[in-house]
Amino acid sequence: MPDSFPHSPASLGVDLRALRKSRGMTLRQLSEKTGWSVGWISQVERDISHPSVEDLKGLAKALEVPLSLFFGQAPAVREEEGFVVRADARRRIGTGENGLTEELLSPDLTDDFEVFQSTFAPRTRRDSYEQRATQEVGYLVSGQLRLWVGARQFDLNPGDSFRIRGEAYRWENPQGVPAVVIWVIAPPVY
């Protein structure tokens with residue numbers, strides 16, 4: 001494999017293992033999807049081998065996650081690793097499409113659920129429906145959000161919460177200010 005990328009998160013190995021397992025994939029299945037050996041992938045999961053950016057692109061594609069998930073995390077103080085995520089050390093996830101910015105609030109991806117924050121830019125929307133095999137609970141911290149779950153429309157205000165159980169959904173921020181939502185999702189999708 002090419003030279004490793006020096007800025008990947010300290011939790012890369014455990015995150016990779018958690019992502020693989022959350023998708024019900026064995027090392028062999030991931031090996032078949034990427035074309036890399038079971039041994040090398042196992043070494044990456046144990047932080048023995050360090051993948052290059054190109055390797056991470058292949059892993060992201062095989063695991064169906066954004067490449068950004070593997071970057072953007074500031075180093076944690078040793079005593080806080082795995083316990084605390086400081087506001088300035090959140091890992092940005094997603095592509096930023098449609099005016100949506102997402103940050104991982106969980107310390108890593110090893111839990112049975114994940115917590116993240118979504119910021120919906122003013123006057124943005126997702127026109128197509130998205131559907132995931134998850135249970136998701138969202139809490140609107142600020143702004144306003146219009147949410148469609150199936151054919152039902154909900155207009156949400158700060159303090160409102162909602163649940164999506166594998167249904168198709170889409171959203172719109174109709175206001176001139178950002179809308180911020182905190183999500184808890186199980187099983188993890190990132």
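**Polar contacts, salt bridges and a buried helix face**

The side chains of Ser49 and Gln43 are joined by a polar contact of 2.7 Å. The model is predicted. Ser49 lies in the loop between α3 and α4. Its relative accessible area is 14%. Ser49 counts as buried because this value falls under 20%. Beyond its neighbours within four places in sequence, Ser49 is in contact with Trp40, Gln43 and Val44.

Charged side chains were examined next. Side chains of opposite charge can pair when their charged atoms come close. The whole structure holds twelve salt bridges. One of them links Glu80 and Arg86, with N to O at 2.3 Å. Glu80 is buried, at 16% relative accessible area. Arg86 is partly exposed, at 44%.

Another salt bridge joins Asp127 to Arg125, and their closest N and O atoms are 2.5 Å apart. Asp127 is exposed because its relative accessible area of 54% is over 50%. Arg125, at 36%, is partly exposed. Both residues belong to a network of salt bridges that also includes Arg146, Asp155 and Glu172. Arg126 pairs with Glu130 in a salt bridge of 3.6 Å, N to O. Arg126 is partly exposed, with 21% relative accessible area. Glu130 is partly exposed too, with 22%.

Helix α1 spans residues 12-22. Its buried residues are Leu12, Gly13, Asp15, Leu16, Ala18, Leu19 and Arg20. The elements that cover them include α2 (27-34), α3 (38-45), α4 (53-63) and β1 (91-93). Gly24 follows α1 and has a positive phi, near 70°.

Terms used: Residues are numbered from 1 along each chain as its sequence is written. This is a predicted model: local features need pLDDT of at least 70, side-chain atom pairs count only at pLDDT 80 or more; totals for chains, interfaces and linings use all residues. Side-chain values use heavy atoms; hydrogens and water are left out. Buried means under 20% relative accessible area, exposed over 50%, partly exposed in between (1.4 Å probe, protein chains only). Helices (H or I, at least four residues) and strands (E, at least two) are DSSP runs, numbered from the N terminus. Contact means heavy atoms within 4.5 Å. A polar contact is a pair of N or O atoms within 3.5 Å; within protein, one must be able to donate a hydrogen and the other to accept it, and residues adjacent in sequence count only if both atoms are side-chain atoms. A salt bridge is a side-chain nitrogen of Lys or Arg within 4 Å of a carboxyl oxygen of Asp or Glu.
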